[in-house]
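Please look through the structure shown here with an eye to its strands, its aromatic rings and its open space. The paragraphs that follow take these topics in turn.

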Amino acid sequence: MVDTAYQWTNVMQEVTDTNLFASSYVNENAGWVVGAGGNILFYDGAEFIEQISPATNALYAIDMIDTNNGWAIGESGTIVFFDDTVWVEHVQTTPVTKDLKGIAMIDANLGYAVGEDGIILKFDGTEWNEEDSPVSNLLSAITVVEPNNIWAVGEDGTIVHYDGTAWTEETSPSTKDLYCISFADANNGWIGGRMESCCSLTVLTGLKWRLIQGLT
């Protein structure tokens, strides 16, 4: 069922001619969008405004913690953060040079990023450090259900899970590339990907991912 009380509308505003890849909103009057060339736009509830960006590489993902704190990651290990009023490069040299594709911040002192070659990074409040990854496939997206319940998905149906102690590769019902993941609660989540790669998490037979057939 679709609630028809809400609908998408086209915002007729030309702010940039570069590709935009990801967005993160704190509320209806504060949102950020990132894209090619390190482009960062801010939405103030009325219009999109281009912000000064310290990055020149493409930014592929962003997660805002609140109106004063947020992180964006991207091409060649680029990591930038929002510090109250301005975007700045993180003072730490990025621990990787591979593309980073997904990010999920738990709070200002804890977060994770994933990317090429199965890269998993953890932010401890001061530095980003590489975690032991069980896979070498590209990881495209990550989501935090709880600090000890984190999921990431990626290339060739790859699904990995963090239980608070270690990352492990999970059995996947799909061999197609997976691009996004979201949870309603600890036992119910969805993954989206290439055609015939829609998966849902069910507790009917334990925590097991199953493929939803007939969706394109």
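A residue is called buried here when its relative accessible area is under 20%, exposed when that area is over 50%, and partly exposed in between. The model is a predicted one, and by this cut-off Trp167, with a relative accessible area of 7%, counts as buried. Tyr112 is also buried, because its relative accessibility is 2%. These two residues form an aromatic pair of the edge-to-face kind, in which the ring centres are 5.9 Å apart and the planes stand at 75° to each other. Since Tyr112 belongs to strand β10 and Trp167 to strand β16, the pair ties together parts that are 55 residues apart in sequence.

Trp167 has a further ring partner in Tyr162, and this pair is tilted, with 5.2 Å from centre to centre and 35° between the planes. Tyr162 is buried as well, because its relative accessibility comes to 8%. A pair of aromatic rings is described by the distance of the centres and the angle of the planes. The structure holds 16 aromatic pairs, and elsewhere ring pairs link Trp32, Phe42, Phe82 and Trp87 into a cluster.

The strand that carries Trp167 leads on to the sheet. Four strands make up an open sheet in the order β13-β14-β15-β16, and their pairing is antiparallel. The edges are taken by β13 (139-146) and β16 (167-169), each of which has a single partner strand, so one side of each is left without a neighbour in the sheet. On average, and with direction ignored, neighbouring strands of this sheet are turned by 20° against each other.

In the loop between β7 (79-83) and β8 (86-89) lies Asp84, whose phi is near 70°, a positive value in a residue other than glycine. With 43% relative accessibility, Asp84 counts as partly exposed. Asp117 is placed in the loop between β10 (110-115) and β11 (120-123), and although Asp117 is not a glycine, its phi is positive, at about 55°. The relative accessible area of Asp117 is 43%, so this residue is partly exposed.

The largest pocket holds about 250 Å³ of space. It is lined by 14 residues, of which Ala22, Tyr60, Ala61, Ile62 and Lys101 are the closest to the centre.

Key: Residues are numbered from 1 along each chain as its sequence is written. This is a predicted model: local features need pLDDT of at least 70, side-chain atom pairs count only at pLDDT 80 or more; totals for chains, interfaces and linings use all residues. Side-chain values use heavy atoms; hydrogens and water are left out. Two strands pair if DSSP finds at least two bridges between them. Helices (H or I, at least four residues) and strands (E, at least two) are DSSP runs, numbered from the N terminus. Axes are lines fitted to C-alpha atoms, for helices over the stretch in contact, and angles run from 0 to 180 degrees between N-to-C directions. Buried means under 20% relative accessible area, exposed over 50%, partly exposed in between (1.4 Å probe, protein chains only). Rings of Phe, Tyr and Trp (its six-membered ring) pair if their centres lie within 6.5 Å; planes under 30 degrees apart count as stacked, over 60 as edge-to-face and the rest as tilted. On a 1 Å grid over the protein atoms alone, a cavity is a set of points where a 1.4 Å probe fits but cannot get out, and a pocket is an open set with protein on both sides within 12 Å along at least five of seven lines; lining residues have an atom within 4 Å of a point. Grid points are joined across faces, edges and corners, and a volume is the space filled by probe spheres set on the points.
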